[in-house]
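Please read these notes with the structure open beside you.

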Amino acid sequence: MRSMATASLPGFRNEPYTDFSTPANRGAMEKALDRVRSAFGREYRLRIGGEWIATGDVLASLNPSRLEEVVGLHHKATVELANRAVESAWSAFPEWSRTPARERVRMLLDAARILRARKMEFDAWLVYEAGKTWPEAEADVSEGIDFCEYYAREMLRLDGPQPVVQLPGERDETIYIPLGVGVVIPPWNFPLAILAGMTVAALVTGNTVVLKPSSETPTIAAKFAEVLLEAGFPESSFTLLTGSGSVVGDALVEHPKTRFICFTGSRDVGLRINELAARRRPGQMWIKRVIAEMGGKDAIIVDAGADIDKAADGVLASAFGYQGQKCSACSRAIVDAQVYDLFLEKLSAKTRNIQVGPADDPRHYMGPVIAESARKSILSYIEIGRKEGRLVVGDGPVPQGGYFIPPTIVADVEPTARIFQEEIFGPVLAVTKARDFEDALAKANDSEYGLTGAVFSSDAGHLREARERFHVGNLYFNRKCTGAMVGAHPFGGFNMSGTDSKAGGQDYLLLFLQAKSVAAKIG
Ligand code: NAP
């Protein structure tokens with residue numbers, strides 16, 4: 001019965017988005033928002049190896065749109081509990097790693113099915129806890145489902161026979177086996193998709209997991225953990241260890257039984273993890289593997305012959321969708337001098353029409369930024385931007401009661417400017433003039449990051465040049481630079497953007513496995 005579910009699997013296809021323009025779907029989403037709101041303020045304990053633990057040190061997760069609302073209360077882990085979580089995962093590894101891959105795949109497909117059935121409920125949690133607008137929440141949850149479906153199929157492929165040369169007189173094979181205990185540390189900005197993708201990739205490949213969610217979005221993590229348990233993943237296969245990264249992070253990374261760390265987040269935390277993981281600890285038997293996906297300073301080039309309306313729409317969506325809080329967000333528009341003024345005029349006019357306000361109200365294109373610390377940091381960059389360029393949009397009023405920031409455009413920014421070089425992670429776009437396409441390409445590559453980029457151009461030669469020389473992990477032509485789709489756009493960046501792990505692609509699960517070659521003499 002169970003293996004039949006996997007044997008008859010149809011090919012992968014991306015999860016369709018709910019169309020919120022239909023009254024029925026709008027009504028259903030409003031009901032989901034009401035239901036989820038009535039579950040606000042619940043207390044969530046830590047769970048290590050099946051034991052529920054209350055530490056008494058509680059984190060209150062707030063709705064960034066309405067700060068008086070407490071979405072969830074979460075007990076925080078200590079260093080001692082972090083160590084216990086790794087030990088517990090280590091004890092569970094032998095059994096979980098020997099669970100047949102098809103069984104693990106079946107659980108993963110069940111997780112996808114449960115998520116799909118509870119999609120609007122998850123959308124609502126993302127609206128409230130992460131400040132995502134309805135369509136942004138829907139895209140995040142859909143991507144989470146996609147990761148489950150895609151990695152399930154990938155695991156079946158890797159569990160099957162691998163193409164190796166057969167030597168005469170031998171039976172030669174390569175099999176993939178899991179690594180051990182994985183520490184999974186996601187960010188808050190794709191609180192379901194990235195958290196789910198990293199966690200299930202580690203689990204379906206047979207590793208046990210200590211999942212340390214972001215302190216900004218712990219309720220979504222707790223809800224996803226419920227889904228995994230309901231789908232049949234054993235309690236011992238993963239721990240949800242809510243707590244501050246700066247308190248428990250080092251202990252998790254440094255533990256000698258940690259075999260790998262799968263991290264997505266900022267450059268500085270990623271580099272710290274990489275450095276700590278490289279040092280061998282007493283009793284440690286392996287070189288730890290680090291998968292680290294980090295920041296971006298993504299550019300869109302607008303070429304002289306580009307369709308300027310389409311370019312303005314693409315830049316607007318990339319820069320201000322989810323308040324610019326995507327690693328893939330466009331924070332630099334590099335525009336050919338011939339179309340610079342026209343582009344800036346069109347983009348500015350469109351940007352001034354953006355509605356900012358609570359994310360639960362579907363009239364708003366932009367919701368709040370995630371936290372007070374983010375708000376302060378972004379506002380300080382806007383002040384820097386005023387000195388480094390010309391503020392053309394961004395002075396408008398925003399609602400009170402949440403962490404709202406207006407979409408902001410700073411024009412005439414030089415490549416040496418801080419707002420051109422540093423990741424701001426908010427709705428702030430630097431616009432820079434380029435002499436010609438060659439100059440635009442050089443400016444786009446003038447960054448320590450290399451995550452996403454886009455080119456709007458009608459010149460096939462220029463697009464060919466960009467294909468070869470625009471140094472980013474995810475490059476797009478004549479479209480926005482956000483919105484990578486699982487299976488179609490494996491995602492991961494170059495340089496300080498990370499280890500280029502290409503989530504949602506065929507190379508990804510190999511990062512959670514090791515290959516074993518077995519050769520048997522025949523006769
Ligand atoms: P962050 O501050 O680096 O935090 C990421 C995660 O690391 C959180 O779970 C955090 O826990 C934890 N952490 C903090 N300090 C730690 C430490 N010393 N050791 C171990 N873990 C620690 O990043 P963020 O603000 O959540 O996310 C935004 C960043 O992620 C941006 O730079 C963005 O570009 C990047 N990002 C990259 C990608 C990609 O695919 N390349 C995708 C999404 C986001 P706490 O929350 O408890 O501090």
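1. Arg66 has a relative accessibility of 25%, so Arg66 counts as partly exposed. In these notes, buried means under 20% relative accessible area, exposed means over 50%, and partly exposed lies in between, with a 1.4 Å probe and protein chains only. This is a predicted model, in which local features need pLDDT of at least 70 and side-chain atom pairs count only at pLDDT 80 or more, while totals for chains, interfaces and linings use all residues. Residues are numbered from 1 along each chain as its sequence is written, and side-chain values use heavy atoms, with hydrogens and water left out.

2. Which residue forms a salt bridge with Arg66? The partner is Asp360, and the closest N and O atoms are 2.8 Å apart. A salt bridge here is a side-chain nitrogen of Lys or Arg within 4 Å of a carboxyl oxygen of Asp or Glu. The pair links distant parts of the chain, 294 residues apart: Arg66 is in strand β5 (residues 66-75), and Asp360 is in the loop between α12 (340-352) and α13 (372-388). Helices (H or I, at least four residues) and strands (E, at least two) are DSSP runs, numbered from the N terminus. Asp360 is buried, because its relative accessible area is 12%.

3. Arg118 and Glu121 also form a salt bridge, at 2.9 Å from N to O. Both residues are buried.

4. Between Asp307 and Lys310 there is a salt bridge of 3.9 Å, N to O. Asp307 is partly exposed at 39% relative accessibility, and Lys310 is exposed at 54%. Elsewhere, salt bridges with shared partners join Glu15, Arg116, Lys119, Glu138, Glu149 and Arg153 into one network.

5. Over the whole structure, the search finds 41 salt bridges.
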